Amino acid sequence: MAARIARGGPNWIFDARMKPELALSAPSAWLDPAAAPATPGRSFWAAFAAVVTVASLVLVLSTGQFRPRGLGPYSVSVPVDFAPYDPARWAIMNAGDYEAALKIDPTLPDPRSIDWSDAAPEPPADPLLLRDEALAGPPAKSYAFQGVTALDRERAHYCLTAAIYYEAASESDDGMRGVAQTVLNRVRHPSFPSTVCGVVFQGSQRAGVCQFTFSCDGAMARTPERRNWLRASRVASAALGGTVFPKVGLATHYHTTAIWPRWGKSLVMTNIVGAHIFHRWRGRWGMPDAFRVPYSGREPVPGPYLPVAQQVAILKGQGLAPGAGPVAAATAAPLPDTAAAPLPGAMSPPASVASPQPAVAPPPTYTDARLNQSGDVREEYRKSGEWIR
């Protein structure tokens, strides 16, 4: 079959005798991708211009510079009379002193009424105190330990004096003050009893488990030396009255420099005073807010709660605590001249110290002498049950 093809302009003209599917009138965009437009049309640019116009209008209105009438918050204009130059005010400001200004305006307040004239500058901080506070941490708050009755006050004074003497009798006054501050820090902490005697003799009902070793190792069998006992009594009286020893901070534990216990790594060391190293709790448990327990004021019977004779019998052969050495040089801070704490022998022993011993019943007696031998083991059976070596 023959076909006739002619060119007529840019389009192809096909003969009608050709197959119908080959009779294409003109190229289209979907058939020829090269014929599609390469840029957006007018509709796109019109929409883009509308969006930009609306956004600009919203931005201008939001700034408040061009706000149409009737839009935005309500506003009103109030006329204000203001004198740019007041000769009387300027004369008061330029007056040489208060008396001259008072002649111009008698209603002026007295500047001395605000007590600025009585204010005194604070004394300069002591570098040594600042260094100690940076090392030891925040100091304890001053607190007066007042017992409910005179007996409670006497017991607290005795217990604290005993702890100071038996723990630091051979040290200086600062060494004694460190021990006293540690005991009182424990009284204010929720981890320990809220009484002085309860803290000092905590755990002394059993040998070897007491918080302060002197209360359960037989050390209190040693008669106190009078001079050091009176010195410890004065330190205890000052500490109970509210005197704070800031060099140990909020320490609740201490030990001698000759040892380093395992629990020392879990605490924060505050300072070394005399022969003792002082520590406090880590975290919030060692911050001032933790020491909030009020002093109960009801002191229990002073210990030790295990008789000293029984302590010596249990710990026989282990030796006692070393004796007190010479008194070190006293510090500059004077000690209060108060009545001395009673000696250990003068304090009444606790009523619940001595546990009653069970009465041993005598062996029964019988008329027949052979029955009185019941319970005895015959000689040939005494070694029954033992291993043969």
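The chain exposes about 27000 Å², of which carbon and sulfur atoms supply 60%, the accessible areas coming from the Shrake-Rupley method with a 1.4 Å probe and, for residues, with only the protein chains shown counting as cover. This is a predicted model, in which local features need pLDDT of at least 70 and side-chain atom pairs count only at pLDDT 80 or more, while totals for chains, interfaces and linings use all residues. Residues are numbered from 1 along each chain as its sequence is written, and side-chain values use heavy atoms, with hydrogens and water left out.

Of the 389 residues of the chain, 30% count as buried, a term that stands for under 20% relative accessible area, as against over 50% for exposed and partly exposed in between (1.4 Å probe, protein chains only). The chain holds nine helices and five strands, where helices (H or I, at least four residues) and strands (E, at least two) are DSSP runs numbered from the N terminus. Read along the sequence, these elements follow the pattern β-β-α-α-α-α-α-α-α-α-β-β-β-α.

Strands E4 (residues 268-273) and E5 (residues 276-280) run antiparallel and are joined by five bridges, two strands being paired if DSSP finds at least two bridges between them. Asn271 has Phe278 in E5 as its bridge partner. Two residues lie between E4 and E5 in this hairpin, and Gly274 in the turn has a positive phi of about 65°.

Thr252 is found in the loop between helix H8 (226-240) and strand E3 (253-256), and it counts as buried because its relative accessible area is 0%. Among the residues that Thr252 touches, not counting those up to four places away in sequence, are His279, Arg280 and Trp281, contact meaning heavy atoms within 4.5 Å. The side chains of Thr252 and Trp281 are also joined by a polar contact of 3.5 Å, that is, a pair of N or O atoms within 3.5 Å of which, within protein, one must be able to donate a hydrogen and the other to accept it, residues adjacent in sequence counting only if both atoms are side-chain atoms.

A search of the whole structure finds two disulfides, each defined as a pair of cysteine sulfur atoms within 2.5 Å. Cys159 and Cys197 form a disulfide with their sulfur atoms 2.0 Å apart; this pair links distant parts of the chain, with Cys159 in helix H5 (residues 150-168) and Cys197 in helix H7 (residues 196-200), 38 residues apart. The torsion about the S-S bond of Cys159 and Cys197 is about 90°, so this disulfide is right-handed. In the disulfide of Cys210 and Cys216 the sulfur atoms are 1.9 Å apart, and the torsion about the S-S bond is about -55°, so this disulfide is left-handed.
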